[in-house]
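Okay, thanks everyone, I'll keep this short. Let me put the structure up and then walk you through it.

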Amino acid sequence: MPATAHLVGVTFLRPEFESRASALAASLALPLLDPATDDAFLLLQVGEAGLSLQATGANAPGSVRVDFVEGALAHRRQFGGGTGQMVARAAGLRGSLRPSVLDATAGLGRDAFVLAALGCQVTMIERQPIIAALLADGLLRARQAGGEVAEIAGRMELVQADAITVMNAWDGAVPQVIHLDPMFPHRDKSALVKKEMRVFRPLAGDDLDAPALLEAALALASHRVAVKRPRKAPAISGRVPSAELSGQSSRYDIYGIQKLGN
């Protein structure tokens, strides 16, 4: 039986990664685990493929990591449909128009990467430090990869902070578009959510402050706010959306402030 149990701990897959794991544990104020004596519900693992988050226990999903270089995002970069993708349409990309974007709920950075791949400058905010660490690791590996992926990653900036606080005190260039994808409240009877949400929910919980997040975004964005929601979910309470884009499993509620291109 493990002597100590933690919600999250840092570990390393081979001895040569111990020093990096130790530095990461210190920066996140997390324990560096000894596999022989310690246990954790979530393991933040340092290995040759970068940083990953692994749930433990029976029926745990596979590990979660950010990979902008290969896999699904590489395929989407090449064959995803360009500005016809729903996130691009929601952000107002058309012709040569590439608005500046603030992704205030960055998560694993997938939507931000798509927008950056299409030419937008994207600032990402992620308030959960462990999720932000995964995203920072993915960005670092993308920049080290060189070529097109490094160029795309160069258009992405990450801020680890509370988005409402940052937006309310914003002192930089005003983003034309703000993208929001708040965590939707869990329902016990819903279908099994994808592995990322199963791993992240113990860390991030539900975004119960979504109305305040939307209010802050509407006060900051110069042109529009695009809010990603499950297709059948209600809109966030507050201002009524001015337009809606629907897909098979999700939709975007669009809050227009002024027409892009003006």
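So, how many helices and strands does the protein chain have? The count is nine helices and ten strands. Keep in mind that this is a predicted model.

A few overall numbers. The chain has 262 residues, and 46% of them are buried. The accessible surface is about 12,800 Å², with 52% of that belonging to carbon and sulfur atoms. Then the contacts: take the ones between residues at least 6 apart in sequence, and 65% of those join residues at least 24 apart.

Now the sheet. Seven strands make up an open sheet, and the order reads β6-β5-β4-β7-β8-β10-β9, with mixed pairing. At the edges sit β6, residues 156–160, and β9, residues 243–246, each of which pairs on one side only. Going from one strand to the next, the twist averages 20 degrees.

Let's zoom in on β7, which covers residues 177–180. Which way do its side chains go, and are they buried or exposed? Val177 and His179 point one way, Ile178 and Leu180 point the other way, and all of them are buried.

What about the neighbours of β7? On one side there's β4, residues 101–103, which pairs with β7 in the parallel sense over three bridges. In that pairing, Val101 stands opposite Val177, and Asp103 stands opposite His179. The other partner is β8, residues 224–230, which also runs parallel to β7 and is joined to it by four bridges. Here His179 shows up again, this time with Ala226 of β8 as its bridge partner.

Helix α4, residues 110–117, is mostly covered, with six of its eight residues buried. Which six are they? Asp111, Ala112, Phe113, Val114, Leu115 and Ala116. And what does α4 lie across? The list is β4, β5, β6, β7, β8 and β10, and α4 runs at about 175 degrees to β5. Helix α5, residues 129–145, packs on the sheet too, touching β5 and β6, and its direction makes about 155 degrees with that of β6.

Conventions. Residues numbered from 1 in each chain as written. Predicted model: local features only at pLDDT ≥ 70, side-chain atom pairs only at ≥ 80, totals over all residues. Heavy atoms only, no water. Helix = DSSP H or I, 4+ residues; strand = E, 2+ residues; numbered from the N terminus. Buried < 20%, exposed > 50% of the residue type's maximum accessible area, 1.4 Å probe, protein only. Contact = heavy atoms within 4.5 Å. Areas by Shrake-Rupley, 256 points an atom, 1.4 Å probe, with all protein chains shown as cover. Pairing = 2+ DSSP bridges. Axes fitted to C-alpha atoms, helices over the stretch in contact; angles between N-to-C directions.
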